Amino acid sequence: MRILFLIMAGLGVLIASPSSAFAKVNVFACEAEWAALAQEIGGDLVDVTSATNARQDVHHLRAKPSLLAAMRKADLVFCTGASLEVGWLPILLKKAGGPDVQMETVGSVMASDYVEKLEIMQKVDRSMGHVHPEGNPHIQLDPANIKIVAEVLADRLFIIDQANAAAYNQNLENFKQKWAAATQRWKAEKASLKGKKVVVYHNSWAYLLKWLGIKAVASLEPKPGLPPTASHLDEVLKTVQGQNVSAILVAPFENEDAAQWLTEKAGIPIVRLPFTVGGNDNADDLISLFDNTLSRLKDAP
Ligand SMILES: [Zn+2]
């Protein structure tokens with residue numbers, strides 16, 4: 001009787017251990033904001049690799065060997081989608097992704113599939129530049145979107161690592177509480193920004209600006225993904241003259257030359273926003289990303 005009991009107890013340990021004690025869920029995140037969110041919801045139960053950092057332009061990346069290695073061990077691929085990573089993610093998935101992380105499987109979360117996208121295009125042709133037909137993919141700078149994606153991510157982790165579902169649920173609840181308090185604080189802070197006007201480099205800020213009630217009056221890019229030209233910059237200069245434009249918004253990876261030119265001609269300051277987690281020294285997690293973004297915008301005249 002006693003022996004049988006010990007055997008049964010031993011079996012219990014054997015069955016429970018592979019998923020709970022040893023194997024962490026390997027998360028392959030395409031962008032720093034999703035890596036940060038995976039860390040929030042996954043805690044100690046996940047190993048997160050971010051394919052890019054804040055100083056890289058995610059539109060353009062090479063499928064280099066270190067990314068193939070990270071993809072090879074991935075249990076969950078967590079990216080933006082909406083064609084943002086179209087130049088490199090499909091190659092990584094094809095060459096190194098297992099069957100359980102391919103598109104539209106449980107191990108694939110494309111964050112932009114779950115939020116309401118801005119700028120969805122009815123018709124796209126090559127003359128429009130490097131546009132995203134499924135809508136603007138730069139969804140991470142609206143706090144409501146982060147909350148939605150956090151819940152989707154937790155749902156997937158429940159399925160992939162059922163043994164730890166309670167822990168993921170607790171992490172999700174903690175995150176949601178923290179996020180709700182921060183969102184409340186931002187709501188008060190953002191009031192003073194409403195109605196301001198800015199110039200952007202690329203249309204990276206659509207969700208942020210909509211959330212804040214700020215208007216983008218011009219882009220330095222003549223068309224999405226195309227570098228600024230002299231004739232286009234002349235147009236931008238004409239557009240901003242006579243308008244009270246507060247700032248030229250530039251992401252960490254964007255070239256400052258055209259913005260500098262416009263600053264000299266029109267006296268509008270350049271404001272470099274972090275864009276994602278790690279975009280500057282003060283934006284080291286999702287909450288400080290928004291804190292720092294708001295404080296930089298508020299410092300603009
Ligand atoms: Zn873009």
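1. Helices (H or I, at least four residues) and strands (E, at least two) are taken here as DSSP runs, numbered from the N terminus. On that basis the protein has 10 helices and 8 strands. The model is a predicted one, in which local features need pLDDT of at least 70 and side-chain atom pairs count only at pLDDT 80 or more, while totals for chains, interfaces and linings use all residues. Residues are numbered from 1 along each chain as its sequence is written, and side-chain values use heavy atoms, with hydrogens and water left out.

2. On overall dimensions, the C-alpha atoms of the protein fill a box of roughly 90 × 45 × 35 Å, taken along the principal axes. Of the 301 residues, 48% are buried, where buried means under 20% relative accessible area, exposed over 50%, and partly exposed in between (1.4 Å probe, protein chains only). Taking a contact as heavy atoms within 4.5 Å, 63% of the contacts between residues at least 6 apart in sequence join residues at least 24 apart.

3. The domain assignment gives domain 1 (22–185) and domain 2 (190–299), with bounds that come from an automatic or database domain assignment. The C-alpha centres of domain 1 and domain 2 lie 25 Å apart, and the contact takes 33 residues from domain 1 and 25 residues from domain 2.

4. A nonpolar core is understood as a set of buried Ala, Val, Leu, Ile, Met, Phe, Trp, Tyr and Cys residues joined through side-chain atoms within 4.5 Å. The largest such core has 60 residues, and those with the most contacts inside it are Trp-34, Leu-37, Ile-41, Phe-78, Trp-205, Leu-249 and Leu-286. Domain 1 (22–185) and domain 2 (190–299) both give residues to this core, so it lies between them. A second, separate core of 20 residues includes Leu-68, Cys-79, Leu-89 and Ala-96.

5. Grid points are joined across faces, edges and corners, and a volume is the space filled by probe spheres set on the points. The structure holds 2 cavities of 30 Å³ or more, and the largest cavity has a volume of about 80 Å³. Of the 16 residues that line the largest cavity, the closest to its centre are Glu-31, Glu-33, Val-58, Phe-275 and Thr-276.

6. Linings are described by class, with Ala, Val, Leu, Ile, Met, Phe, Trp, Tyr, Cys and Pro counted as nonpolar, Asp, Glu, Lys and Arg as charged, and the others, Gly among them, as polar. The lining of the largest cavity has 7 nonpolar, 7 polar and 2 charged residues. Because domain 1 (22–185) and domain 2 (190–299) both give residues to that lining, the largest cavity lies between them.

7. The second largest cavity, with a volume of about 30 Å³, is lined by Leu-193, Lys-196, Val-198, Ile-214, Ser-246, Leu-297 and Ala-300. By class, this lining has 5 nonpolar, 1 polar and 1 charged residues.

8. The second largest pocket has a volume of about 170 Å³. Of the 13 residues that line the second largest pocket, the closest to its centre are Asp-57, His-60, Tyr-201, Glu-221 and Gly-225, and the lining has 4 nonpolar, 6 polar and 3 charged residues. Domain 1 (22–185) and domain 2 (190–299) both give residues to the lining of this pocket, so the pocket lies between them.

9. Lys-147, in helix α5 (residues 143–160), is partly exposed, with a relative accessible area of 40%. Lys-147 touches Lys-176 and Trp-179, not counting residues up to four places away in sequence. Lys-147 and Ala-180 are 33 residues apart in sequence and 8.9 Å apart in space, C-alpha to C-alpha.

10. Two backbone angles deserve a look. Ser-83, in the loop between β3 (76–79) and α4 (89–96), has a phi near 70 degrees, a positive value in a residue other than glycine. Glu-104, in the loop between α4 and β4 (108–110), has a positive phi of about 65 degrees although it is not a glycine, and Glu-104 counts as exposed at 81% relative accessibility.

Terms used: 1 Å grid on protein atoms, 1.4 Å probe; cavity = no way out; pocket = protein on both sides within 12 Å on 5 of 7 lines; lining within 4 Å.
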